[in-house]
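Morning, everyone. I have one chain to walk through today. Please bring it up on the screen.

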Amino acid sequence: MTVINLTDSEFRLGISVGTYRHILALKRGHKGTYGVDDNADPWDRDIEGACAEMSVAKYTNQYWGGPVGPKPGDVGDLEVRYTERKSNSLIVRESDDDEAVFILVTGKAPHQDVVGWLHGLDAKQNKYLSAKGTNRPPAWFVPQCDLRQMDDLLITLAE
């Protein structure tokens with residue numbers, strides 16, 4: 001796990017992108033995905049998610065311009081999954097690309113933890129499949145101890 005400290009300008013960009021994404025979702029009448037039923041503020045979710053993408057871009061030394069709308073990945077081809085709770089798992093869904101790299105980020109911006117990663121197919125193992133007792137569709141919940149180290153990802157990206 002690596003703590004990423006966003007600078008003021010990086011944090012402002014994450015806030016701006018998250019806010020814009022949320023406004024677009026409201027205009028489209030989008031009510032959230034996968035039956036999210038937690039008490040998290042939807043504005044917070046969008047802002048923290050955008051900041052998580054910025055944190056991954058900073059960690060992997062990739063440009064992040066705050067994409068809005070359809071994109072191949074959140075940071076280049078990388079998919080970012082965010083949760084505020086530091087103990088939560090990486091969640092991968094049925095519709096997620098088996099070949100994509102999914103990265104778990106936890107904490108609260110501007111100080112977030114880039115925890116670890118897995119390819120979609122590696123996450124989609126029966127032992128991780130669960131609905132977690134919620135009204136959400138089943139998904140794969142990979143515990144942090146089963147994620148690959150972030151240093152391994154940097155080596156993979158450099159190849």
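Overall size comes first. The chain has 159 residues, and a compact globule of that length would have a radius of gyration near 15 Å; the chain has 15 Å, so the two agree. That radius is taken over C-alpha atoms, and the globule rule is 2.2 Å times the number of residues to the power 0.38. Along the principal axes, the C-alpha atoms fill a box of roughly 40 × 40 × 25 Å.

Now the ground rules. This is a predicted model: local features need pLDDT of at least 70, side-chain atom pairs count only at pLDDT 80 or more, and totals for chains, interfaces and linings use all residues. Residues are numbered from 1 along each chain as its sequence is written, and side-chain values use heavy atoms, with hydrogens and water left out.

Of the 159 residues, 41% are buried, meaning under 20% relative accessible area with a 1.4 Å probe, protein chains only. Take the contacts with a separation of 6 or more: 61% of them are between residues 24 or more positions apart. Contact here means heavy atoms within 4.5 Å.

On to secondary structure. The chain holds four helices and seven strands. These are DSSP runs, numbered from the N terminus: helices are H or I with at least four residues, strands are E with at least two. From the N terminus, the order is β-α-α-β-β-β-β-α-β-β-α.

Three strands form an open sheet in the order 3-7-6, with antiparallel pairing. Its edge strands are strand 3 (90–92) and strand 6 (129–130), each pairing on one side only. Two strands pair if DSSP finds at least two bridges between them. Strand 6 and strand 7 (residues 139–142) are joined by two bridges. In one of them, Ser 130 has Ala 139 of strand 7 as its partner.

Is Glu 53 buried or exposed? Glu 53 sits in helix 2 (residues 42–60), and it counts as buried because its relative accessibility is 6%. Leaving aside residues up to four places away in sequence, Glu 53 touches Arg 21, Trp 64, Asp 74, Val 75 and Val 80.

Then Gly 120, in helix 3 (residues 120–123). Gly 120 has 0% relative accessibility, so it counts as buried. With the sequence exclusion of up to four places, Gly 120 touches Val 92, Asp 97, Asp 98, Ala 100 and Phe 102. Gly 120 and Trp 140 are 20 residues apart in sequence, and 9.5 Å apart in space, C-alpha to C-alpha.

Key. Buried means under 20% relative accessible area, exposed over 50%, partly exposed in between (1.4 Å probe, protein chains only).
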